[in-house]
Amino acid sequence: MTKATPFKRHAIALSVALLLAACSQSQVENSTDSAADPGHASGEHGSGSSAGLPAGRIAQGQGRAQVRSKATNQSCIDCHGVDGNNPIDPTYPKLGGQYGDYLAHALQAYRAGDRQHPLMTAQATDLSDQDIADLAAYFGSRPSQLRDLHGLK
C-alpha cells in the first residue's frame, strides 16, 4: 500500500467537504419542505433523505444489520462490527456515526452497480429502499469513532 501524497490528501479532503456541503444543503431544503408539509418528515408524502428513500427506522436497521445475505452469507455486523466501529479488516470503513445520507447513497450505488466492491456489490443487490434507509439510520445513530483529516500529514 502506498502512502498518500499531500496533494492526494488535500484532494480527498476537498471531495469530502464538497459532499458534506451538498448533503447539508439537501438537509436545509428538506427541513424547509418538512416545515411546509409536516407529513414529509415522516415519509408519508416523500422521502426521508436526500437519497430519495423513505424515513429510516433505527430498530429495524439494527435487525437488518444482523441478516446474512444469500449472496455472501455475511451480515453487515460480520464485517463492520455490531456498532459499525470494529471492521474485521483495517481497509473496511467504520460505519458508526457516519452521515446516514452518505451511507444510503453508498448502498444505493453498490446496489445499482455504480460503485464496485466484490463483497459490497453482492451484499447490496437484494436490499430494498426501506432496508437501505433502515441500515443508514441504524449505523448513523451509533457512537462515532470517525475523525476528520484536519492536521494529518
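**Figure 1. Secondary structure of the predicted chain.** The predicted model contains 7 helices and 0 strands, where helices (H or I, at least four residues) and strands (E, at least two) are DSSP runs numbered from the N terminus. Along the sequence the pattern reads α-α-α-α-α-α-α. Residues are numbered from 1 along each chain as its sequence is written. Because this is a predicted model, local features need pLDDT of at least 70 and side-chain atom pairs count only at pLDDT 80 or more, whereas totals for chains, interfaces and linings use all residues; side-chain values use heavy atoms, without hydrogens and water.

**Figure 2. Burial and surface of the chain.** Of the 153 residues, 29% are buried, that is, under 20% relative accessible area with a 1.4 Å probe, protein chains only.

**Figure 3. Helix H7 and its cover.** Helix H7 comprises the 13 residues 129-141. Its expected span, 1.5 Å times one less than the number of residues, is 18 Å, in agreement with the 18 Å between its end C-alpha atoms. Buried residues of H7 include Ile-132, Leu-135, Tyr-138 and Phe-139. Among the elements covering the buried residues of H7 are helix H3 (58-64), helix H4 (76-80) and helix H5 (100-112).

**Figure 4. Confidence along the chain.** The mean pLDDT, the predictor's confidence in each residue from 0 to 100, is 78 for the chain, and 67% of its residues reach 70 or more. Over residues 23-47, pLDDT stays under 50, and the model has 19 contacts there beyond four places in sequence, a contact being heavy atoms within 4.5 Å.

Terms used
Buried < 20%, exposed > 50% of the residue type's maximum accessible area, 1.4 Å probe, protein only.
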